[in-house]
Amino acid sequence: MLVAMAGLPGTGKSTIGQVVASRLGIPVVPVDPIETAILQAGIASDQPTGLAAYLVAETLAERVLQAGTGVLVDAVNAVAPAREQWVNLAARLGEPIRFIEVICSDPELHRSRIEGWRQRMPHIQLTWNAVEQSFDDYSEWSGPSAAVARITLDSVEPLGVNVERAIAFLEG
């Protein structure tokens with residue numbers, strides 16, 4: 001099975017995704033470190049590094065699925081074309097796909113997570129302002145991805161509760 005995470009930065013999707021993948025015994029293909037590596041290689045940030053990172057992640061996820069193992073893709077997947085990339089991959093390989101969308105309904109908690117990243121990882125150029133602006137860019141679920149089974153988790157709930165909900169959704 002292909003499990004695709006979705007949600008804005010700082011919502012808690014990577015944390016939930018890591019625990020879910022560990023519980024299921026499947027690898028995680030995270031887009032953010034791929035994009036960071038592309039930038040560290042000297043590719044200018046005004047180039048389509050995000051698209052490149054998604055394409056690399058797709059290639060890795062495809063390899064894992066072809067080897068007979070499930071995979072969890074950790075990415076923002078904020079727009080329909082990004083989500084459809086995973087739907088198309090699953091269809092091409094004849095694999096089931098599920099989306100786990102993570103939100104954070106508490107703006108102060110969400111902001112504190114983003115600011116905490118900046119303190120722990122100063123090389124990350126993400127600001128709360130940028131995340132606030134991306135609320136407007138986060139598109140509604142439409143097209144082929146809207147027809148895929150999806151659960152939305154709110155990370156104000158305890159991690160264990162969200163993990164159990166996600167596992168039940170994926171196994172149900």
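Here is a short exchange about the sheet in this predicted model and a helix packed on it.

Modeller: A quick note before we start: residues are numbered from 1 along each chain as its sequence is written. Local features need pLDDT of at least 70, side-chain atom pairs count only at pLDDT 80 or more, totals for chains, interfaces and linings use all residues, and side-chain values use heavy atoms, with hydrogens and water left out.

Colleague: Happy to begin with the sheet: in what order do the five strands lie?

Modeller: Strands here are DSSP runs of E, at least two residues, numbered from the N terminus, and two of them pair if DSSP finds at least two bridges between them. The pairing is parallel and the sheet is open, with β2 (28–30) and β5 (150–154) as edge strands that each pair on one side only. The order is β2-β3-β1-β4-β5.

Colleague: Which residue of β3 is the bridge partner of V29?

Modeller: Strand β3 covers residues 71–74 and pairs with β2 in the parallel sense over three bridges. In β3, the partner of V29 is V73.

Colleague: Nice! What angle does helix α3 make with β3?

Modeller: Helices are DSSP runs of H or I, at least four residues, and α3 spans residues 49–66. It packs on the sheet, touching β1 (2–6), β2 and β3, where contact means heavy atoms within 4.5 Å. Axes are lines fitted to C-alpha atoms, for helices over the stretch in contact, and angles run from 0 to 180 degrees between N-to-C directions. For α3 and β3 the value is about 170 degrees.

Colleague: And which residues of α3 are buried?

Modeller: Buried means under 20% relative accessible area, with a 1.4 Å probe and protein chains only. What covers them includes β1, β2, α2 (31–40), β3 and α4. The residues are T49, A53, Y54, A57, E58, A61 and L65.

Note on methods:
Buried < 20%, exposed > 50% of the residue type's maximum accessible area, 1.4 Å probe, protein only.
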